Amino acid sequence: MATGRTHRPATRSRGIPEATVARLPLYLRALTALSERSVPTVSSEELAAAAGVNSAKLRKDFSYLGSYGTRGVGYDVEYLVYQISRELGLTQDWPVVIVGIGNLGAALANYGGFASRGFRVAALIDADPAMAGKPVAGIPVQHTDELEKIIKDNGVSIGVIATPAGAAQQVCDRLVAAGVTSILNFAPTVLSVPDGVDVRKVDLSIELQILAFHEQRKAGEETAAGDGAGPAATARDTSTDQGPDGDVPAVMPA
């Protein structure tokens, strides 16, 4: 069993690092905004700033895609939008099921960005019989008893879990058994899945804890500076936050 395993054979066969794959959606978002403003070309510096990365890293990432831009001109915006969309698998329709239609699940169902990014909410599923038939975002909620049939009938390979933590693993097991191979997990728990199943976890409380860590560190630096530690000590502390390629490493609570 593997937990949170990322398994992308098609991408790995092209030799694209996972860190680059994780940045592609950031580039696509920035490029889409440029495209909507009818901007024809963009420099690596401009696009890097819009995506929140440095330009050297962006150029290296794009080299994995075979895009090098034109000196003095930059990158063709529309071509990059297509190229990155194709690499991410967004040039086809991906049916998605959302399991757990509480406040969070309902908010996800109402999110308008899925359709424009290649994802179609095929079904909303909840264990509460009182929810059955109730429309959310114009889609009637279906009971979990129908989960396997829904997945088969809609050809679903991506599932979103927005259930309470206690129900998440059971839902995950049923999704995987029914043929789902990618899961976006909003439940505050770690899921165990077989090899070949991708899990991406979104945990808002962990993100807030990371921000709290940085706020505490900044407050400590201000106190040290006020005590006469000076800017040299601050610079020394800040440098330790950088990983091998300049990224701030993820901080996970023990």
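Modeller: Two strands are said to pair if DSSP finds at least two bridges between them. With that in hand we can read this predicted model, in which strand β4 (residues 94–99) and strand β5 (residues 119–126) pair in the parallel sense over six bridges. Within that pairing, Val 97 has Ala 123 of β5 opposite.

Biologist: In what order do the strands of the open sheet stand?

Modeller: The open sheet is formed by seven strands, which follow the order β6-β7-β5-β4-β8-β9-β11, and the pairing is mixed. At the edges stand β6 (135–136) and β11 (198–201), and because each has a single partner strand, one side of each is left without a neighbour in the sheet.

Biologist: In which sense do β4 and β8 pair, and over how many bridges?

Modeller: The sense is parallel, and the pairing of β4 with β8 runs over four bridges, with Val 99 standing opposite Ile 161 in β8. Strand β8 also pairs with β9, in the parallel sense and over four bridges, and there Ile 161 stands opposite Asn 185 in β9.

Biologist: At what angle do α8 and α9 pack, and how far apart are their axes?

Modeller: The two helices, α8 and α9, pack at an angle of about 40 degrees, and their axes are 9 Å apart. Angles under 35 degrees count as roughly parallel, and those from 65 to 115 as roughly perpendicular, so α8 is oblique to α9. Their crossing is right-handed. On the α8 side the contact is made by Leu 147, Glu 148 and Ile 151, and on the α9 side by Arg 174, Leu 175 and Ala 178. By class, the residues of this contact divide into four nonpolar, no polar and two charged.

Biologist: Why does Leu 108 count as buried?

Modeller: Leu 108 counts as buried because its relative accessibility is 13%. Its place is in helix α6 (residues 103–109). If neighbours within four places in sequence are left aside, Leu 108 is in contact with Ile 98, Phe 114, Val 160, Ala 162 and Phe 186. With Ile 98, which lies 10 residues apart from Leu 108 along the chain, the C-alpha separation is 8.1 Å.

Biologist: Where is Gly 89 placed?

Modeller: Gly 89 lies in the loop between α5 (77–87) and β4, and it counts as buried because its relative accessibility is 14%. The C-alpha atoms of Gly 89 and Gly 118 are separated by 8.4 Å, although these residues are 29 residues apart along the chain.

Biologist: How many helices and strands does the secondary structure come to?

Modeller: The protein has 11 helices and 11 strands. Among contacts between residues at least 6 apart in sequence, 56% join residues at least 24 apart.

Terms used. Residues numbered from 1 in each chain as written. Predicted model: local features only at pLDDT ≥ 70, side-chain atom pairs only at ≥ 80, totals over all residues. Heavy atoms only, no water. Buried < 20%, exposed > 50% of the residue type's maximum accessible area, 1.4 Å probe, protein only. Contact = heavy atoms within 4.5 Å. Axes fitted to C-alpha atoms, helices over the stretch in contact; angles between N-to-C directions. Parallel < 35°, antiparallel > 145°, perpendicular 65-115°, else oblique. Left-handed = near helix turned anticlockwise from the far one by under 90°. Nonpolar A, V, L, I, M, F, W, Y, C, P; charged D, E, K, R; others polar.
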